[in-house]
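I opened the model today to look up its charged pairs and one of its sheets. My notes follow in the order I took them.

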Amino acid sequence: MLRDFKSIVKAAVCVLVIDACGGTLGGNPEITDPDQQQVPDTATTPALTFSLTDAPVEDARHVYVAVESVQIAQAEGTWITIPMETDEEIDLLQLQNGTTSLLASIESLPAGTYGQTRLVLVEEAPGRLIDNEGVEHALFIPSGNEAGLKIQTAFTKVEGVPLSLTIDFDLRKSIKAAGSGNGNSSKSKYMLKPVLRLADNSKAGSATGEGENGSVVCVYANDATKDNDDSCDNAITSATVKNGQFKAAFLEPGTYDLRVFRNKIAVGDVEDVEVTADSNNSNAGIKVKLP
């Protein structure tokens, strides 16, 4: 059962206290390190699972959302609700570089093609952002708890074959300035207009490599127009170099171009990066040396 509003307020106070001390929140449910994933046992694996990952944003410490339900639409338009694996707020900024959090799963599901996925957010737990100074801001999310956040990517469930899908919640593209707030805490300074991407884990690959810490890596389809800034608006996904490493995960196999930014300035490109499906979605991506 979803936490009541008082519990959410209490959690928010705890987060602010932690941020004031310079710490980070480690409460995301069942976060999976991409280097520690195991081969699934098909005898016990649910028919369908949804996990969540994120492309990073540098202007915040935490971005929280609470998902009430995950729903998928059959070809005739009937919606099926996938049972949630968590009723906790999720800090999207903990889910970077291929790290995921289990969101929802179902034990059995009719075979067939499903045309839409949507996330319905908890009305009593509006999204919120903790900026780099530790100040909390409400996130205005249009239709988040009404029509839901929709993904128009179809997927096919094969009878007897477990299917694991990952939703890439691209914060770099999704966070938009909504005004100064004018000192009024009831007015959102930030808007969340979610850009979501759906990946089939069994068919996904990754681009990984080394670079200078803090570098932003935008990942483009081979024929895409590259951005002139690190918004990565035209990119499929993005990553930030941490501890000398980066990983742009859950990519369809194919050829990609990378553009690298430091301090918001483009410093070089890496072209024709071949991505193949990772074995068991492990850290098997092509290694790239960034400029």
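I started with Glu212 and Arg262, whose side chains form a salt bridge at 3.5 Å, N to O. Glu212 sits in the loop between S17 and S18, while Arg262 belongs to strand S21 (residues 254-262), so this pair ties together parts 50 residues apart in sequence. The model is a predicted one, and I read it as such.

The cut-off for exposed is over 50%.

Next I looked up Glu210. Its side chain meets that of Lys289 in a salt bridge, with 3.9 Å from N to O. I noted that this pair also links distant parts of the chain: Glu210 is in strand S17 (residues 205-210) and Lys289 in strand S23 (residues 286-289), 79 residues apart. Glu210 is partly exposed, because its relative accessibility is 40%. Lys289 is exposed, at 61% relative accessible area.

Then I turned to Arg128. Which residue does Arg128 form a salt bridge with? The partner is Glu89, and the closest N and O atoms are 2.8 Å apart. Arg128 lies in strand S9 (residues 128-131). Glu89 lies in the loop between strand S5 (79-82) and strand S6 (90-91), 39 residues away from Arg128. I checked burial too: both Arg128 and Glu89 are buried. Buried here means under 20% relative accessible area.

I counted up the salt bridges. The structure holds eight of them. Some share partners, and in this way Glu89, Arg128 and Glu136 are joined into one network.

**The four-stranded sheet**

I moved on to the sheet that includes S21. What is the order of its four strands? I read S19-S18-S21-S22, an open sheet with antiparallel pairing. Strand S19 (237-240) and strand S22 (265-275) are the edge strands. Each has a single partner strand, so one side of each lacks a neighbour in the sheet. On average, neighbouring strands in this sheet are turned by 25° against each other, direction ignored.

I looked at one pairing in detail. Strand S18 (residues 216-221) pairs with S19 over four bridges, in the antiparallel sense. Which residue of S19 stands opposite Val216? I found Thr240 there.

One link back to my first entry: Arg262 is in S21, and S21 stands between S18 and S22 in the sheet order.

Notes: Residues numbered from 1 in each chain as written. Predicted model: local features only at pLDDT ≥ 70, side-chain atom pairs only at ≥ 80, totals over all residues. Heavy atoms only, no water. Pairing = 2+ DSSP bridges. Helix = DSSP H or I, 4+ residues; strand = E, 2+ residues; numbered from the N terminus. Axes fitted to C-alpha atoms, helices over the stretch in contact; angles between N-to-C directions. Salt bridge = Lys/Arg side-chain N within 4 Å of Asp/Glu carboxyl O. Buried < 20%, exposed > 50% of the residue type's maximum accessible area, 1.4 Å probe, protein only.
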